Amino acid sequence: MSTALSNKQISAVELANQHYEQIASVDKDVHAFLYLDKEGALAQAKEVDKKRAAGEKLSPLAGVPLALKDVMTQKGVPTTCGSKILEGWRPPYDSTVVSKLKNAGVIILGKTNMDEFAMGSSTENSAYGPTHNPWDLTRIPGGSGGGSSASLAAFEAPLAIGTDTGGSIRQPAAVTGTVGVKPTYGGVSRYGLVAFSSSLDQAGPCARSVLDTALLHQVIAGFDPKDSTSINQPVPDVVAAAKKLDIKGMKIGVVKQLAGEGYQKGVENKFNEAVAELVKLGAEIVEVSCPNFEYALAAYYLIAPSECSSNLARFDSMRFGLRVGDDGAKGAEEVMNLTRQAGFGREVKRRIILGTYALSSGYYDAYYGSAQKVRTLIKQDFDAAFTKCDVLVSPTAPTTAFKIGEKSNDPLAMYLNDIATIPVNMAGIGGMSLPCGLAEEDNLPVGFQIMSPAMKDERMYLVGGALEAALLSKWGKPILDFAPKLVGSK
Amino acid sequence: MSLNYDQAIATYEPTLGLEVHVELNTKSKMFCGCATEFGAQPNTQTCPVCLGLPGALPVVNKKAIESSILIGLALNCSIAPFSRFARKNYFYPDMPKNFQTSQYDEPICVNGFLDVEVETDDGMKTFRIEIERVHMEEDTGKSLHVGGSTGRIHGAEYSLLDYNRAGIPLVEIVTKIVPNTGKYAPQVARAYVAALRDILRGLKVSDVKMEQGSLRCDVNLSLSKTGSGKLGTRSETKNVNSLRSVERAVTGEVIRQANRLESGERIVQETRHFLEESGETRPGRSKEQAEDYRYFPEPDLVPVVPDAKWIEELKKSLPEKPADRRARLQTAWGVPDKEMAAMVNAELLDTVEETVLLGADPTKARSWWLGEISRVANDKGVLPTELISVKDVAQVIALITIGELTDKLARQVVEGVIAGEGNPTDVINKRGLKVVSDDSRLMKAIEDAIAAQPETAERVRGGNIPAAGALIGAVMKATGGQADAAKVRELLLKHLGQ
Amino acid sequence: MAAISRDEVANLARLARITMSDAELDHLAGEMDVILGAVARVQEVAGSDVLPTSHPLAVNNVTREDLVLPSLTPTEALSGAPASDEGRFKVPQILGEE
């Protein structure tokens, strides 16, 4: 697409409109988008076309359309985070990621659906209704970034931005047959990323191929002085890594704990086949044991709710957002109470209460304090594993896409979707999911997770790029070509 | 039966604790680049960070860290090698994030002390106030309560919020408990806050104006029966906005608590509000359940690990301690304790020093500033330095010293400058106030006076010196009061052979 | 571990400023119980010799210079406000004192 643009075979405006047409045809079924910024996008596209015509040197992604997860602020454009409490809120500022995208001439088509405040693994917790998996509209697209991944799988956008706190980029990528990356913590600025769990959140690139993902990664990553937790180092050359396609001699670690009980047979089979491909490419497989991973889920469900209970305190109706109950007779506290009752969904309330509890005096050491220690142990497991191998691999998610409504009444069952992705966030390292086939039971996509050490994101792209190429030649066509055609799809 | 202070203090031992919040004078806020100017139009100095908008992130102001370390060093604290920010979680509309980014168990400075001097029945006594900690945090926005009966918080119909102040750096200085002050507790508290203020002023880290809120004091007090060895329940009093209020708040709380205890009631641990008019305290919001702040390390900020070399440099840059400076000036000027204290209390030490540095005699400088000028200033309800400049006062004193002005004339000159007639030279010229020191002119006046009162002159020639008074008076009248009376006397007596 | 009572949940809801019906409180108490049981596992392995990690990155001293940067205009600052008056955010009466 980028080549077509630079060769002027197509204009940015035409490209944007084509995608809007696709969205118009299929999004009534997929519901990936919460808001379409036609005016802004086309204005931006016109600008890009003008610059190109004038012979200006443009970024490789200039003119390429993108879907933005609705958790990132974009000035003047509604940003809801999938919640009623922010319905209609138009931020007065751009997140750093959006600034970078605009500077690169990327065309932001609109905001995508998500689990409310990024809490969930299915996008069923959105206050605006779920998104449907383009592979099977009765199934979830994953979460919390289901909208972004679904938009890619439905060809509504070629690029998307997601955010990942416990797997919210990687798990949707896995169940929609697309690629998603969570960079090393601090690799992409969190300024303007509405915070869920500050020490775990990361924004990341999503696309239909490893190379496209790398191109997007290059644009959005980098040091930001407005984010104290941002890495002050140059962005690794992930694009070169994605193109290299040579992994001979690399050591690939298979994590013992991320397999077995709870993992769908078809998922494990496809995973193992992909590992075999890596061997064919000249890599060496090492079995590693990370015993503390067993506690990762539990620790995550203490740390994330604790941080979110504090991060979400600002939603009190005083300065922005929903206000309920202000009839002149009620005091500020009561209005806050009523607003938050009306504005937050069940999962969000559940996690706020859980987090409030975990931080309470008397319980802090046992819960939050202990969870922080488990984090140290998980990091130690990864450090030890990475002395023996260059990257670690596992299935991204234990199952393929389940039916909408299947797990929504069982919070613990829902949380188990993140079992393989969470350790990565806990340690702050990089993680990628790319498609490795269709599970034989249901013909639904399976995701292959690659984990690289902190600040070595290029390794994920190196292995991912090589694997993707091998699988492509094995299948004869990209995995999305196996998806059932969506009604009205262009 | 209502105990007064003396009765209360005879039965009960007070234990003090003081928490002082200092607003730093950094140009920008603690966690963002918004300006910190006082008095700006509402919400003109805000941004996503200090408004707590979704997605905003804090970045620490380096100058604030530096100021905090300077404060700690000046208070003899240890600077923590590793220090962290923490979130203090509670809801209040003037706090945009509904948590305050502060410090909890890892503050930047710990374990210091400040010695203060208080006048007691047995002379000046030194009390050592131990400092528990100094830590960094951020200020809240300002709320205006509209409607209701008094415009005060109770009964207001709605509130208006201005977040210009939200995010301005605050440093909190907490003392350890201060026992053994006895009946001097109010004075010790006051002296501590005054001394602290002096130090902060000297460090130039804050403009420490209690009236403007850049220095805020919370007073904690508990009483225990003398000799019991057990500590009582403490109350915390806020809204103490001046040094005098600090003293009164302590006095008031001692009386209140003693009376309660005497009547068998227990003291409730609560926050109270100081009332300026009466000097009493009243209860703040009654909280049925305690607030749980759920502190945890701030995940959006990284630890502060001050470089040891940097701390050394800061240590070297510390200005002379106010107490040391006072001692030095006292010795240099030969001022007795009581007068030194008077100068300090009147906040005129700096002014007097500046006058002296311009060449004025210290004693004269003191007596002019604390005497005549202060008197007029008090009458007009302004500060002495608002009436007349240090330069002008130094000039007047210089003229007195060289004999061009008498004290009497000088008073008129000062009066004229205050009235806005110009600088001392202008006033002297306009009013014609120069001392008549021209001997020949004086002699003429003397001869005239003698000629007019020959019998009086005879008496003086005969040895009756006091009689010269009438002649001196006549000369003074003739010269419009501008003669130097002592000179006239000298010349007159000489002339008359005495 | 001890069951979490409805009263405890009610207190948590108060601390978190969320109104909840009795039914909601009961339901939540039950869910919390199950979740807390599962997450209490962390105590098994979190020994006293393990240091807690509050940050994935081992970085210190990230600061900015004391420079004034442009603020939002009052219009921008107030743009999301449910109510405002004369350049200030208008909020319901604040009862009691801090």
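Here are some notes on this predicted model, chain by chain and then across one interface.

1. Let me start with the overall form of chain A. Its C-alpha trace spans about 70 × 60 × 45 Å along the principal axes. A compact globule of 490 residues would have a radius of gyration near 23 Å, and the 21 Å of chain A agrees with that. Buried residues make up 67% of the 490 residues in chain A. Of the contacts in chain A between residues at least 6 apart in sequence, 76% join residues at least 24 apart. In secondary structure, chain A has 16 helices and 11 strands.

2. Chain A is split by the domain assignment into domain 1, made of 2–289 plus 374–482, and domain 2, covering 294–372. The centres of these two domains of chain A, taken over C-alpha atoms, are separated by 27 Å. Across the boundary, 31 residues of domain 1 of chain A are in contact with 27 residues of domain 2 of chain A. Which elements give two or more residues to the domain 1 side? They are α13 (365–388), α14 (411–415) and α15 (422–427) of chain A. By residue class, that side of domain 1 of chain A divides into 17 nonpolar, 9 polar and 5 charged.

3. For 498 residues, a compact globule would have a radius of gyration near 23 Å, but chain B has 30 Å. The C-alpha trace of chain B spans about 95 × 55 × 55 Å along its principal axes. Buried residues account for 44% of the 498 residues in chain B. Among contacts in chain B with a separation of 6 or more, 68% come from residues 24 or more positions apart. The count of elements in chain B is 17 helices and 15 strands.

4. The domains of chain B come next. Chain B is divided into domain 1 (5–314), domain 2 (322–431) and domain 3 (439–495). Taken over C-alpha atoms, the centres of domain 1 and domain 2 of chain B are 36 Å apart.

5. Three strands form an open sheet in the order β5-β4-β15 of chain B, with antiparallel pairing. The edge strands are β5 (99–102) and β15 (296–297) of chain B, each pairing on one side only. Strand β4 (residues 86–89) of chain B pairs with β5(B) over 4 bridges in the antiparallel sense.

6. Strand β3 (residues 78–79) of chain B and strand β6 (residues 109–120) of chain B pair in the antiparallel sense over 2 bridges; here B:Ile79 has B:Cys109 of β6(B) as its bridge partner. How many bridges join β6(B) to strand β7 (residues 123–138) of chain B? There are 11, and the two strands run antiparallel. The link from β6(B) to β7(B) is a hairpin through 2 residues.

7. Is α4(B) largely enclosed or exposed? Of its 20 residues, 15 are buried, so α4(B) is largely enclosed by the rest of the structure. Just after α4(B), B:Gly264 takes a positive phi of about 85°.

8. Finally, the interface between chains C and A. In this contact, 43 residues of chain C meet 58 residues of chain A. On the chain C side, α1 (6–15), α2 (22–39), α3 (42–45) and β3 (88–92) of chain C each supply at least two residues. The largest share of that side, 7 residues, comes from α2(C). The residues of chain C that touch chain A divide into 30 nonpolar, 8 polar and 5 charged.

How values were computed:
Residues are numbered from 1 along each chain as its sequence is written. Chains are lettered from A and ligands numbered from 1 in the order in which they are written. This is a predicted model: local features need pLDDT of at least 70, side-chain atom pairs count only at pLDDT 80 or more; totals for chains, interfaces and linings use all residues. Two residues are in contact if their C-beta atoms, placed from the backbone, lie within 7 Å. Ala, Val, Leu, Ile, Met, Phe, Trp, Tyr, Cys and Pro count as nonpolar, Asp, Glu, Lys and Arg as charged, and the others, Gly among them, as polar. Two strands pair if DSSP finds at least two bridges between them. The radius of gyration is taken over C-alpha atoms; the globule rule is 2.2 Å times the number of residues to the power 0.38. A residue is buried if 20 or more other C-beta atoms lie within 10 Å of its own, exposed if 12 or fewer, and partly exposed in between; C-beta atoms are placed from the backbone. Domain bounds come from an automatic or database domain assignment.
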